Amino acid sequence: MEKELRKEEPRLMKGNEALAEAAIRANIDAYFGYPITPQSEVIEYLMREVPNRKDKKTVVLQAESEVASINMVYGAAGAGARVMTSSSSPGISLMQEGISYIASAQLPCLIVNVVRGGPGLGTIQPSQGDYFQATKGGGHGDYHLIVLAPASVQEMADFVFDAFRLAEKYRNPAMILADGALGQMMEKVVLPPDGGLPKTPAPWATTGKTKDRNHNIITSLFIQPEEMEKVNLQLQKKYEDMQSEVRWEEFQTEDAEVLLVAFGLSARICQKVVDLAREKGIKVGLLRPITLYPFPYKRIAELSEKVEFILDVEMNAGQMVEDVRLAVEGKVPVYFKGRMGGMISTPEEILREVESILEKQNVLHD
Amino acid sequence: MNEKLLLEDGTELEQVFCRPDTLTDVPYHYCPGCGHSVVHNVLMEVVDELDIQDKTIGVAPVGCSVFAYHYMNIDMQEAAHGRASAVATGIKRVLPDKLVFSYQGDGDLAAIGTAETIHTVNRGENILIVFINNGIYGMTGGQMAPTTLPGMVTSTSPYGRDVHMAGYPLKITDLIAQLPGAYYVTRQSVHNPNAVRKLKKAVTKAFEYQMQNKGTCFIEVVSNCPSGWKMTPVETIKYLEEVMFPYYPLGDLKVPKE
Ligand SMILES: Cc1ncc(C[n+]2csc(CCOP(=O)(O)OP(=O)(O)O)c2C)c(N)n1
Ligand code: SF4
């Protein structure tokens with residue numbers, strides 16, 4: 001991408017802070033949010049840093065709630081601003097009303113969910129328990145977010161640019177879905193270039209009706225069923241077009257007999273599993289979806305033709321595994337390995353799971 | 001305005017009044033005698049007179065005035081139920097040079113949106129909040145609102161509002177006036193031409209204060225809902241005068257110390 005422009009030295013940063021710094025460099029016009037662990041460093045960083053950037057006129061506002069934050073995002077996005085919010089699971093639940101409205105009104109914005117264990121107040125430890133909510137709508141009605149799942153602090157920063165690019169291209173809210181560990185851990189990061197994301201014109205925005213155009217209206221109300229259906233169909237068409245943006249990464253899948261599928265931090269752990277397994281002579285490969293919506297159904301379907309089974313690894317009770325099974329369509333067995341409540345499977349645990357499935361399969365073959 | 005009109009018989013007339021360009025040529029959907037349409041007219045006449053059509057951005061509520069954006073010929077955003085002042089905050093913060101107002105009913109502003117309303121005013125957001133208090137949920141068929149008076153019959157208080165069960169009518173405007181972020185808080189009505197003129201003055205002042213970055217201006221309009229109240233429009237005027245105004249007295253609650 002902009003790698004050639006990156007002349008800066010790598011820095012050691014927390015995921016949340018790298019994301020916040022990337023947002024400043026993406027020239028966001030506004031950030032609205034409400035503190036919640038494990039992502040409060042995003043607003044803290046912005047509050048601290050933005051006043052020191054002479055050339056930036058970024059609005060950073062601590063709202064009274066997540067409900068208010070997301071509606072401020074709606075207002076600002078409708079006014080044509082590049083705007084974002086961030087939160088963690090319970091806060092994102094409160095935002096669902098607003099997210100549904102933003103999706104319907106077709107406004108671009110970035111919503112960051114640094115996921116913690118749930119349901120309910122849950123725990124502040126990392127989790128991937130919000131996959132369903134992020135990828136299947138979450139709020140009411142037929143809609144989707146563009147969902148990007150980083151697996152490193154580097155990607156926490158990079159995906160801010162990607163998310164805005166996609167959100168503005170499709171006039172659709174985008175979400176960065178990262179588990180709590182990615183927000184909290186420190187890693188080396190080379191930051192994206194300041195101002196490296198050109199502004200997208202927004203002639204539809206409410207910036208004040210001028211003589212040369214009709215008044216602009218931002219709404220999600222289409223009271224006539226015929227009209228509402230038209231809007232719904234248009235949204236579905238947009239989601240179809242978005243399928244071309246699907247992104248994933250593969251590790252050692254060329255000769256794999258066992259395929260691991262995992263996103264985010266789970267995928268980082270599974271990379272280690274691939275190495276450990278191969279040391280033992282088990283040919284394991286890994287597919288890591290980068291966009292959770294759109295989802296790499298096609299590629300998983302192709303790979304399922306070549307492997308004996310698939311093991312889906314997540315930090316939840318098994319959510320993405322449903323999409324993996326949809327992709328595989330029963331051609332090979334799809335197993336699931338997950339831990340919840342802020343617990344994370346170790347590479348050894350996952351490898352044991354692979355081995356025990358292999359044993360069971362061999363018994364069946366005998 | 002002030003154009004010459006030539007009639008078929010050759011008579012020349014001076015046009016002294018016409019629909020301002022700030023109102024679209026779309027018929028209102030409001031029930032006959034409803035206050036919403038009058039308040040719309042007043043707002044847009046002021047926008048027209050101050051020549052701020054290109055600078056004004058409105059936020060419409062969920063409620064009977066949900067389609068306000070069809071009638072007001074200015075850029076507008078439709079907000080979720082109760083969230084209008086948060087949406088207005090978002091707009092104003094990124095477009096501080098524009099004039100932003102929200103238009104909300106009592107269910108919208110004083111029930112589901114109480115938190116957003118209080119905090120918006122408490123931050124002193126430099127916007128105008130227009131609050132139509134008709135004491136009822138008009139759009140959903142006449143249910144009890146926070147502002148419904150004691151004993152008032154609605155579809156969810158069929159034996160009259162029992163304050164021991166349903167609590168007391170919320171004088172949210174009085175609460176708002178206490179907040180340091182509130183610059184100008186007034187309670188007006190549109191039940192007769194004199195009241196309409198007063199409302200117009202209040203709206204004009206509010207926009208002028210916003211141009212001077214003074215803080216939140218809050219205008220309550222005690223209004224009527226003939227359909228929800230199950231009364232003729234004329235009866236609603238009497239009810240306003242005899243029952244509503246004593247509880248919600250008209251006049252300024254907070255005026256700038258000049
Ligand atoms: C979240 C949500 N809850 C409930 C509703 C249903 N609803 C629509 S309008 C309304 C009441 C509006 O009353 P008010 O704000 O007093 O305005 P009026 O119609 O009287 O002008 C309600 C409860 C909704 N649209 N959204
Ligand atoms: S229901 Fe009431 S508030 Fe709604 S348009 Fe009719 S009279 Fe007006």
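**Notes on a predicted two-chain model with ligands**

1. Ligand 1 has 16 residues around it. His36(B), Cys64(B), Asp106(B), Asp108(B) and Gly138(B) are the closest of them. The model is a predicted one, and the points below should be read with that in mind.

2. Polar atoms around ligand 1 come from side chains and backbone. The side chain of His36(B) places an N or O atom 2.8 Å from an oxygen atom of ligand 1. For the side chain of Asn134(B), the distance from an N or O atom to an oxygen atom of ligand 1 is 3.1 Å. Gly138(B) takes part through its backbone: a polar atom there is 2.8 Å from an oxygen atom of ligand 1.

3. What surrounds ligand 2? The shell consists of Tyr30(B), Cys31(B), Cys34(B), His36(B), Cys64(B), Asn134(B), Gly138(B), Cys225(B), Pro226(B) and Ser227(B). By class, six of these residues are nonpolar and four are polar. The shell has no charged residues. His36(B), Cys64(B) and Gly138(B) belong to this shell, and these residues are also listed among the closest to ligand 1.

4. Next, the interface. Chain A gives 31 residues to the contact, and chain B gives 33 residues. The size of an interface is often expressed as the accessible area that is lost when the parts come together. Here the area buried between chain A and chain B is about 2600 Å². Carbon and sulfur atoms give 60% of that area. Glu64(A), Lys209(A) and His215(A) supply 22% of what chain A buries against chain B, more than any other three residues.

5. How many residue pairs are in polar contact across the interface of chain A and chain B? The rule finds 17, with both residues at pLDDT 80 or more. Which elements of chain A give two or more residues to the side that touches chain B? They are strand S2 (30-33), strand S3 (59-62), helix H3 (66-78), helix H4 (89-105) and strand S9 (217-218). H3(A) makes the largest contribution to that side, with eight residues. By class, the side of chain A that touches chain B has 17 nonpolar, nine polar and five charged residues.

6. Side chains of opposite charge can pair when their charged atoms come close. Three salt bridges are found across the interface of chain A and chain B. Asp75(B) and Arg213(A) meet through their side chains in a salt bridge, at 2.7 Å from N to O.

7. Over all chains, a search of the whole structure finds 36 salt bridges. In chain A, the side chains of Arg53(A) and Glu21(A) meet in a salt bridge at 2.8 Å, N to O. This pair links distant parts of the chain, 32 residues apart. Arg53(A) sits in the loop between H2 and S3 of chain A, while Glu21(A) belongs to helix H1 of chain A.

8. Eight strands form an open sheet with mixed pairing, in the order S9(A)-S4(B)-S3(B)-S5(B)-S6(B)-S10(B)-S9(B)-S11(B). S9 of chain A and strand S11 (251-254) of chain B stand at the edges, each with a single partner strand, so one side of each has no neighbour in the sheet.

9. Two pairings in that sheet deserve a look. S9(A) runs parallel to strand S4 (residues 75-78) of chain B, and two bridges join the pair. Ile218(A) stands opposite Gln77(B) in S4(B). Within chain B, strand S6 (residues 128-133) and strand S10 (residues 216-222) are parallel and joined by six bridges. Val130(B) has Ile219(B) in S10(B) as its bridge partner.

10. Finally, backbone geometry in chain A. Most residues other than glycine have a negative phi, and most peptide bonds are trans. The peptide bond from Thr37(A) to Pro38(A) is cis, with omega near 5°. Pro38(A) lies in the loop between S2 and helix H2 (41-49) of chain A. The bond from Tyr293(A) to Pro294(A) is cis, with omega near -5°. Pro294(A) lies in the loop between strand S13 (291-293) and helix H10 (297-304) of chain A. Asn27(A) is not a glycine, yet its phi is positive, at about 55°. Asn27(A) is found in the loop between helix H1 (15-25) and S2 of chain A.

Definitions and conventions
Residues are numbered from 1 along each chain as its sequence is written. Chains are lettered from A and ligands numbered from 1 in the order in which they are written. This is a predicted model: local features need pLDDT of at least 70, side-chain atom pairs count only at pLDDT 80 or more; totals for chains, interfaces and linings use all residues. Side-chain values use heavy atoms; hydrogens and water are left out. A residue is near a molecule or strand if one of its heavy atoms lies within 4 Å of it. Ala, Val, Leu, Ile, Met, Phe, Trp, Tyr, Cys and Pro count as nonpolar, Asp, Glu, Lys and Arg as charged, and the others, Gly among them, as polar. Contact means heavy atoms within 4.5 Å. Buried area is the accessible area (1.4 Å probe) that two parts lose on being put together, summed over both. A salt bridge is a side-chain nitrogen of Lys or Arg within 4 Å of a carboxyl oxygen of Asp or Glu. A polar contact is a pair of N or O atoms within 3.5 Å; within protein, one must be able to donate a hydrogen and the other to accept it, and residues adjacent in sequence count only if both atoms are side-chain atoms. Helices (H or I, at least four residues) and strands (E, at least two) are DSSP runs, numbered from the N terminus. Two strands pair if DSSP finds at least two bridges between them.
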